[in-house]
Amino acid sequence: MIIKGYQDWLSLNEEKDSGYYTYNHPSVAGSIYRKLKTGNWQVLRPGMSTFQNLTAGDVAKRIENLESRAVDRPLRLLFVGDSNTASTTGGMYYGWWINNILNESSLFSFSAKNRVEIERLAKHGEATQWMIDNLTTKLASVQKGFYDIITILGGSNDIWGGNSDFEKVKTNIKKLVKLAEDHGATAVVVSPPSKLFYTPRGESKEGDQKLDELKKLVDWEKATYPGRFIDFNLITSPEGGATAGDFEADKRHLKPEPKHKELAEKWIEIIYWGTGPV
């Protein structure tokens with residue numbers, strides 16, 4: 001069970017002389033948490049020079065979320081999307097990175113390569129209606145509750161294909177989330193990546209309109225699905241530190257590193273741990 005693995009690892013790493021316990025965040029982001037013998041918790045995040053105090057509520061909520069999803073089998077993850085999920089060099093899309101990071105992590109005490117199992121339902125060039133049709137079929141083929149977490153990333157092809165505006169995409173995202181929830185899974189929504197390198201702002205009126213529609217979608221997803229939304233649009237924008245070199249030659253699709261990997265780390269931080277970084 002996830003929480004049991006956490007407790008086992010923690011007990012094995014008690015540092016009696018130092019006066020605290022330590023454990024590593026299961027992501028290459030490298031955060032380190034420690035529990036002082038006073039009962040207080042602290043965290044050292046990448047780029048920080050000293051440990052930062054955490055509130056008891058933060059820590060309790062984190063552990064509560066771990067306990068609530070503790071299972072005696074791998075978590076089954078389904079990733080639904082378009083080419084951002086289906087087509088990356090070597091198949092190393094963000095779901096691949098999630099699988100790689102969690103199944104290689106030494107945080108938990110049970111045997112390797114059994115923390116998560118991943119599947120993807122995605123196709124290059126498809127819009128959200130394709131996702132609805134195929135997710136409906138997919139979920140009908142398995143027992144209810146088979147998937148624990150279903151992650152949805154779509155909307156780019158709706159808007160850039162000229163077939164849909166924000167309102168239509170919003171309706172379809174809501175349908176996808178409902179399909180996942182009716183199945184008994186946690187629905188996670190990931191925003192489409194930035195298009196600023198493919199369609200620079202101010203280059204054309206049509207391009208600016210599409211960028212506006214995409215922004216509406218991202219803002220709506222963020223407001224509607226707090227706690228289970230990941231802003232891939234920000235991660236892949238200049239504001240999020242992205243450069244043209246992070247994209248393939250078409251300026252539309254991301255290379256596996258660093259941005260798909262960064263998205264995976266953020267997914268682990270927010271979704272797997274439950275409430276985002278404490």
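A crossing of two helices is left-handed if the near helix is turned anticlockwise from the far one by less than a right angle, and right-handed if clockwise. I needed that convention for the helix pair below.

**Entry 1: the model.** I am working with a predicted model, in which local features need pLDDT of at least 70 and side-chain atom pairs count only at pLDDT 80 or more, while totals for chains, interfaces and linings use all residues. Numbering starts from 1 along each chain as its sequence is written, and side-chain values use heavy atoms, with hydrogens and water left out.

**Entry 2: overall counts.** I found ten helices and ten strands, taken as DSSP runs numbered from the N terminus (helices H or I, at least four residues; strands E, at least two). Of the 278 residues, 48% count as buried, meaning under 20% relative accessible area with a 1.4 Å probe and protein chains only (exposed is over 50%, partly exposed in between). I then looked up contacts, defined as heavy atoms within 4.5 Å. Among those with a separation of 6 or more, 68% join residues 24 or more positions apart.

**Entry 3: α5 and α7.** I checked helix α5 (residues 128-140) against helix α7 (residues 166-183): the angle is about 10° and the axes are 9 Å apart. Axes here are lines fitted to C-alpha atoms over the stretch in contact, and angles run from 0 to 180 degrees between N-to-C directions. The two helices are therefore roughly parallel (under 35 degrees; over 145 is roughly antiparallel, 65 to 115 roughly perpendicular, the rest oblique). Their crossing is left-handed. On the α5 side I noted Thr 128, Gln 129, Met 131, Ile 132, Leu 135, Thr 136 and Leu 139; α7 contributes Val 169, Asn 172, Ile 173, Lys 175, Leu 176, Leu 179 and His 183.

**Entry 4: α10.** Helix α10 (residues 256-272) spans only 21 Å between its end C-alpha atoms, whereas a straight helix of 17 residues would span 24 Å at 1.5 Å a residue; the expected span is 1.5 Å times one less than the number of residues. Twelve of the 17 residues are buried, so α10 is largely enclosed by the rest of the structure. I picked out Ile 270 in this helix, which is buried at a relative accessible area of 15%. Ile 230 lies 40 residues from Ile 270 in sequence and 7.9 Å away in space, C-alpha to C-alpha.

**Entry 5: Ser 156.** I located Ser 156 in helix α6 (residues 156-160). Ser 156 is buried, with a relative accessible area of 2%. Leaving out residues up to four places away in sequence, I listed what Ser 156 touches: Asp 82, Asn 84, Gly 161, Pro 192, Pro 193 and Lys 195.
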